Amino acid sequence: MSDWPLWEVFIRSQHGLAHKHVGSLHAPDAEMAIKNARDVYTRRNEGVSIWVVRSSDITASSPGDKEPLFDPANSKVYRYPAFYEVPKEIKNI
Amino acid sequence: MATAGIQTNPDEFQERIDAGIKIEPKDAMPDAYRKTLIRQISQHAHSEIVGQLPEGNWITRAPSLKRKAILLAKVQDEAGHGLYLYSAAETLGVTREQMIEDLLAGKAKYSSIFNYPTLTWADIGAIGWLVDGSAIINQIPICRCSYGPYARAMVRICKEETFHQRQGFEIMLTLSRGTAEQKAMAQDALNRWWWPSLMMHGPSDKDSKHSAQSMKWKIKLFSNDELRQKFVDQTVPQAEFLGLTIPDKELKWNPERGHYDFGQIDWDEFQNIVQGNGPCNQERLQARISAHRDGAWVREAAAAYAQKHPRGARRSA
Ligand SMILES: [Fe+2]
Ligand SMILES: [Fe+2]
């Protein structure tokens, strides 16, 4: 089984929601990965749709890049509605 | 598109819609549903992109560094909205290139409001307050529309729009509490943006040709006139608070209806702009064409780099 690639599994839990990562598994090909995912991750009706993606096809940001990637947003508090003064009398804004 | 050939039973499809089950990219769907959505989502995307231009006009001339940073952040959000929506449209089988080509060739539509000029700083306030305000009213119901990727894109967009409207209202509030000249500037901006904002909800129900089918398919959840009424009802008290006058002599609370009555919209003006004859149609399209042309070398350089350095090479090095 060690020569079977690793697959990341994404499940759409409910109609209308986006697929969400739930875990991974080994399988020889995509079709088997879906079948296995169905058995491993949806035994209690957890989903309405499954995606599988080869783990090796995922490019991830490295943990060391966290600050340069995300810190610049910290100072941009004006991107949030709460930054603005809206008088109490004003409704629907 | 692989799924386009699948036979769709229109009754089964409608049952699914009626049951509130979302349609997803790989599901079978009637061709007309697909085409309507491609048209609507791509027009929506184009509106976000072209909508950056009138406000972009004031980024370098914002009255303070704070206002400049805010405006920059807002315009950046609009670019993001365009990108979410282009991606949602692509799930239906249309390519990004095709959509952009149609826009640049003048074949695709976008919201006609962006063909008006932004003459003063107060216009930035009026746009946030009224134009983003109208957009929010149109967009909130779409968060519940029948097509999954469109609905999900709209949830993200609506969350971000709140800040847009608030920053606009805050500009209007500041100006109307300012000098007589500043207050006059706010009034002038309201005078110019009020009617175009009412047009944003689309032609009146009796002239709206796509509405009935779109409502059946839950691509549209409220009629244009309903959305417009909602906008008027919630905006009039806000204008009163600002001490500004809405430029409509017929505007009046109707206690029987429980709504404001308002005057006739100049639909000839609307049609004229849709036909391409608004004050800035040429300028807007030209700006998009230049941006696309001037950015060509960046796209070429990125493609050349990707070819030289196969995927992941930089990371694992
Ligand atoms: Fe937007
Ligand atoms: Fe906006």
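User: How many bridges join strand β1 of chain A to β3(A)?
Analyst: This is a predicted model. In it, 6 bridges join β1 (residues 6-12) of chain A to β3(A), and the two strands run antiparallel. V9(A) stands opposite V52(A) in β3(A).

User: How do β1(A) and β2(A) pair?
Analyst: They pair in the antiparallel sense, over 6 bridges. E8(A) has S24(A) in β2(A) as its bridge partner.

User: In what order do the strands of that sheet in chain A come?
Analyst: The order is β2-β1-β3, in an open sheet of 3 strands with antiparallel pairing. β2 (20-26) and β3 (49-54) of chain A stand at the edges with a single partner strand each, so one side of each has no neighbour in the sheet. From one strand to the next, the twist averages 30°.

User: Which helix packs on the sheet?
Analyst: Helix α1 (residues 30-41) of chain A does, touching β1, β2 and β3 of chain A. The direction of α1 makes about 115° with that of β2(A).

User: And how many residues of β1(A) are buried?
Analyst: β1(A) is mostly covered, with 6 of its 7 residues buried.

User: Let us change topic to the metals. What coordinates the iron ion (ligand 1)?
Analyst: Its protein donors are E48(B) (OE), E78(B) (OE), H81(B) (ND1) and E161(B) (OE), lying 2.1 to 2.3 Å from the ion. Along the chain these donors follow the spacing E-x29-E-x2-H-x79-E. Distant parts of the chain are linked here: H81(B) is in helix α4 (residues 65-90) of chain B and E161(B) is in helix α7 of chain B, 80 residues apart.

User: Why does the arrangement around the iron ion (ligand 1) count as irregular?
Analyst: The 4 donor atoms subtend angles of 83 to 155°, which makes the arrangement irregular. Four donors count as tetrahedral only if all angles lie between 85 and 135 degrees.

User: What about the iron ion (ligand 2), which residues coordinate that one?
Analyst: The iron ion (ligand 2) is coordinated by E78(B) (OE), D132(B) (OD), E161(B) (OE) and H164(B) (ND1), at 2.0 to 2.2 Å. In sequence, these donor residues are spaced E-x53-D-x28-E-x2-H. The site of the iron ion (ligand 2) is irregular as well, with angles of 84 to 168° among its 4 donor atoms.

User: How far apart do the iron ion (ligand 1) and the iron ion (ligand 2) lie?
Analyst: They lie 3.3 Å apart, and E78(B) bridges them.

User: Where in chain B are E161(B) and H164(B)?
Analyst: Both are in helix α7 (residues 148-176) of chain B; because they are 3 residues apart there, about one helical turn separates them.

User: Is E161(B) buried or exposed?
Analyst: E161(B) counts as buried, at 1% relative accessibility. The cut-off for buried is under 20% relative accessible area.

User: Which residues does W129(B) touch?
Analyst: Beyond residues up to four places away in sequence, W129(B) touches I93(A), Q165(B), G168(B), F169(B), M172(B), L190(B), T235(B), Q238(B), A239(B) and L242(B).

Notes. Residues are numbered from 1 along each chain as its sequence is written. Chains are lettered from A and ligands numbered from 1 in the order in which they are written. This is a predicted model: local features need pLDDT of at least 70, side-chain atom pairs count only at pLDDT 80 or more; totals for chains, interfaces and linings use all residues. Side-chain values use heavy atoms; hydrogens and water are left out. Donors are N, O and S atoms within 2.8 Å of the metal (3.2 Å for Na, K and Ca); water is not among the atoms, so sites may look incomplete. Four donors count as tetrahedral if all angles lie between 85 and 135 degrees; four count as square planar and six as octahedral if opposite donors are over 155 degrees apart and all others between 65 and 115; anything else is irregular. Helices (H or I, at least four residues) and strands (E, at least two) are DSSP runs, numbered from the N terminus. Buried means under 20% relative accessible area, exposed over 50%, partly exposed in between (1.4 Å probe, protein chains only). Two strands pair if DSSP finds at least two bridges between them. Axes are lines fitted to C-alpha atoms, for helices over the stretch in contact, and angles run from 0 to 180 degrees between N-to-C directions. Contact means heavy atoms within 4.5 Å.
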